[in-house]
Amino acid sequence: MKNVKLKILLEFTSMMKQMVSSGMNVKESIEAISKIKSNKEIQYISSQILYNIKRGIPFSQSINNLKPSFPSYYCSLISICENMGKTKSTFSFLEKILEQKSKNRDKLMSIMIYPTIVLCTAGIMGIILTNYVLPQLIEMFNSFEGGAVTVLTLKIEKTRKLMLYTVYFFMTMPLIIKYIITLYKKNHIIKSKIDRISISIPIVNKIIEIIEIKTFSYIMEILYSENIPIEDILAEASKSLKNNEYKLSIGRIKNNVKRGISLSQSFSSEKIFPSVFKDWLEISEKTGKGSNAFHQINQFYESENNKLTSRILSLIDPSITLFIGLLFIVVIVNIIIPVFNCYGTMGL
């Protein structure tokens with residue numbers, strides 16, 4: 001099912017926060033937003049919610065039945081706070097969560113802009129070279145006679161095919177990635193296998209750890225300060241996780257907590273979570289400040305995320321330079337040098 005875009009979700013949540021902060025109730029806020037015509041998508045969403053509320057359906061259930069759908073953690077957090085009579089304060093929490101997600105997405109987009117531009121430019125140049133320049137070069141040398149010319153023609157054709165396959169590979173790669181992502185989202189078995197394999201691959205598992213724990217600890221920090229039962233906090237925070245192995249781990253931790261095992265011991269029994277969790281949670285249990293532990297964990301992974309982003313950015317430039325350089329070497333070795341040698345052999 002199609003999800004509401006992050007930008008639209010954040011804008012809607014910010015509007016709701018402003019409305020309820022001014023003293024309006026949820027119904028009045030939704031009604032006011034539904035009349036704003038500057039954004040058709042938000043107007044459509046709010047109109048659907050308002051229609052359900054007028055029929056007597058609670059706000060949490062109304063957003064849960066929307067198409068396009070709201071994220072599961074969003075609906076669950078609304079539901080919990082609605083049951084506790086804290087619906088108004090929920091939008092402030094959700095705005096913080098969505099702002100952090102938006103910030104992470106913007107970082108990713110900024111990382112991808114430069115390599116995308118360079119690879120697209122290289123792709124266009126490759127298409128021109130393989131479809132226009134090299135065929136004409138082959139046709140020109142085919143008009144000459146001699147063994148050296150025949151060898152040169154074969155080398156040029158071989159290089160043309162190699163470059164053509166490379167261009168096609170990079171052109172079809174986004175479609176392949178999109179297909180894999182679609183399978184990953186829709187097929188639970190494939191998703192579970194990919195999630196299990198990904199956390200066992202060096203470097204990849206570290207990236208997943210940073211992404212998952214950063215968001216998870218942030219939601220835990222927000223909910224922990226609201227005196228919500230720890231089992232419910234774990235259940236709701238786990239809905240922000242994408243990797244199935246992390247979700248299963250949180251499920252086991254929740255069951256341990258229900259059986260009376262401390263939160264720090266429950267986390268320490270799960271190898272997927274690093275020792276930093278155990279250390280900070282042990283400190284928080286001694287001081288009685290649980291939200292502070294998750295704040296420190298979030299800050300730690302925020303720092304790790306910044307370091308990871310810097311490393312990726314520092315590797316992109318030399319990687320692309322190396323790739324483009326290899327293409328030039330292939331062209332020089334297989335086309336330019338043989339052309340000069342052939343001209344020398346022909347006495348031109």
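**Gln-48**

I began with Gln-48, which counts as partly exposed at 21% relative accessibility (buried is under 20% relative accessible area, exposed over 50%, partly exposed in between, with a 1.4 Å probe and protein chains only). This is a predicted model, where local features need pLDDT of at least 70, side-chain atom pairs count only at pLDDT 80 or more, and totals for chains, interfaces and linings use all residues. Residues are numbered from 1 along each chain as its sequence is written, and side-chain values use heavy atoms, with hydrogens and water left out.

I placed Gln-48 in helix H3, residues 40–54 (helices are DSSP runs of H or I with at least four residues, strands are runs of E with at least two, and numbering starts from the N terminus). Which residues does Gln-48 touch, leaving aside its neighbours within four places in sequence? I found Leu-66 and Lys-67, taking contact as heavy atoms within 4.5 Å. I also checked Gln-48 against Gly-85: the two are 37 residues apart in sequence, and their C-alpha atoms are 23 Å apart in space.

**Helix H5 and Gly-85**

Gly-85 comes after H5 and has a positive phi, near 75°. That sent me to H5 itself, which runs over residues 72–83. Its twelve residues reach 17 Å from first C-alpha to last, close to the 16 Å expected at 1.5 Å a residue (the expected span is 1.5 Å times one less than the number of residues). I listed the buried residues of H5: Tyr-73, Tyr-74, Cys-75, Ser-76, Leu-77, Ile-78, Ile-80 and Cys-81.

**Cysteines**

Cys-75 has 6% relative accessibility, so I noted it as buried, while Cys-120 is partly exposed with a relative accessible area of 45%. How many disulfides are there? The count is zero, where a disulfide is a pair of cysteine sulfur atoms within 2.5 Å.

Ser-198 belongs to helix H8, residues 188–198. Buried or exposed, I asked of Ser-198? Its relative accessibility is 10%, so it counts as buried. Its side chain reaches the backbone oxygen of Asp-195 at 2.8 Å. Apart from neighbours within four places in sequence, Ser-198 is in contact with Val-204, Asn-205, Ile-208 and Asn-243.

Next I moved to Ile-203, in the loop between H8 and helix H9 (204–224). Its phi is positive, near 75°, and the residue is not a glycine. I jotted down the background: most residues other than glycine have a negative phi. Ile-203 is exposed, with a relative accessible area of 64%.

**Whole protein**

I counted 14 helices and zero strands. The C-alpha atoms fill a box of roughly 90 × 50 × 35 Å along the principal axes. The radius of gyration is 28 Å, whereas a compact globule of 348 residues would be near 20 Å (taken over C-alpha atoms, with the globule rule being 2.2 Å times the number of residues to the power 0.38). Of the 348 residues, 41% count as buried. Among contacts with a separation of 6 or more, 62% come from residues 24 or more positions apart.

Note on methods:
A polar contact is a pair of N or O atoms within 3.5 Å; within protein, one must be able to donate a hydrogen and the other to accept it, and residues adjacent in sequence count only if both atoms are side-chain atoms.
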